[in-house]
Amino acid sequence: MKPETLEKNLEPKTTEIKKPLKDSLKTAFKLSLPVMAGYIFIGCAFGIFLTSKGYSPLWAFLMSLTVYAGAMQFVTVELLVSPFSALNAAVMTLTVNARHLFYGISMLKKYRGTGKFKPYLIFSLTDETYAILSTEKVPEGENKGRLYFLVSVFNHLYWLIGSTLGAVFGSTLSIDLKGLDFSMTALFIVVFIEQWKSAEKHLPALTGVCASLLCLLIFGSKNFIIPSMVLIIIILLAAKNLNEGGEKK
Amino acid sequence: MKNTEALCVVAIVALVTALLRFLPFILFRSEEKTPKTIKYLGKVLPFAATGMLVVYCFKSVTPLAYPYALPELIAAAAVVVLHLIKRNTLFSIAGGTLVYMLLVNLVFV
């Protein structure tokens, strides 16, 4: 038997070693904790905003279930109070959510071999879920697909709970939690530091920050994401060619 | 807007968002057929994407007008310092958020 086929035969067995579901739930819950407060709070704010425009809590639930993209859902509320335009809705979504293409390309390898969980994993790949899972190393004996799935479900649940609560209780929620949404920024900063420490080269991280800052200054806060993505890809590809040119010598 | 129109808008937003999320996985389904360039981008993009995401969070700050982005910068510095000292994700996030909430509610009102 060729060593190659041997390896292929062994592969499924190693992924079959499963920890009990209870352990996976615990691990996934711990991983999702950094997102909990932020999602419930921002979800709440979304629910309050949507119902203030005359839509029932059912709409908040429906949108958080099917769209499940924070910033875009706020934009959708603006779309709902403007004159109907299918084209405008599609273009706005493309503009606001184009960054998800980056997360997809980044997670191609990680999400391989996640089997039946894969469609939901891709559907629920938000900024925050991406941030958590991109740095996560799966513990030994843990089923990768199932663990990622559980983390994704926890996050989605926080978002659903937050937006529904906000929509139902709306203005009666009197607690002032101004600034709690900073927890999402803090999460991304932490992930940035962790990635920085794990990386051999810092050019990609620096490119991400500098190119986006530059585009933010030039194009303004509403239009800078797509130019940033283009500039990042150009720089990273140019850097690749430089590296390869250097290696050949 | 009529309910049917609103439902249409939500459906479009949901579908386009899902399309953007699924597209890379549909295009590059098999590992062998994935172009080298995409594999390379898959390796380096996570770092760049997180950098972009951090900038995205600060897009609405006003460095030239009150409060001169100070709450955000101070709280972000707090997150970095806390994380470099303890390297505990939850602790860094909770600490930084607390600093930010104190700043925007009590200091820079």
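**View 1. The two domains of chain A have C-alpha centres that lie 26 Å apart.** The model shown in this and the following views is predicted. The domain assignment of chain A places domain 1 at residues 17-198 and domain 2 at residues 200-249. Seven residues from domain 1 of chain A and five residues from domain 2 of chain A form the contact. On the side of domain 1 that touches domain 2, helix 10 of chain A (residues 182-198) gives the most, with three residues. That side of domain 1 comprises four nonpolar residues, two polar residues and one charged residue.

**View 2. Chain B meets chain A through 56 residues of chain B and 67 residues of chain A.** Four helices of chain B each supply at least two residues of the side that touches chain A: helix 1 (3-27), helix 2 (36-57), helix 3 (70-86) and helix 4 (89-107). Helix 2 of chain B provides the largest share of this side, 18 residues. Classified by residue type, the side of chain B that touches chain A contains 40 nonpolar, twelve polar and four charged residues.

**View 3. Helix 3 (residues 57-66) and helix 9 (residues 144-169) of chain A cross at roughly 165°, their axes coming within 8 Å.** Because angles over 145 degrees count as roughly antiparallel, helix 3 of chain A is roughly antiparallel to helix 9 of chain A. The crossing of these two helices is right-handed. In the contact, A:Pro57, A:Ala60, A:Phe61, A:Ser64 and A:Leu65 of helix 3 meet A:Trp159, A:Leu160, A:Ser163, A:Thr164, A:Ala167 and A:Val168 of helix 9.

How values were computed: Residues numbered from 1 in each chain as written. Chains lettered and ligands numbered in written order. Predicted model: local features only at pLDDT ≥ 70, side-chain atom pairs only at ≥ 80, totals over all residues. Domains from an automatic or database assignment. Contact = placed C-beta atoms within 7 Å. Nonpolar A, V, L, I, M, F, W, Y, C, P; charged D, E, K, R; others polar. Axes fitted to C-alpha atoms, helices over the stretch in contact; angles between N-to-C directions. Parallel < 35°, antiparallel > 145°, perpendicular 65-115°, else oblique. Left-handed = near helix turned anticlockwise from the far one by under 90°.
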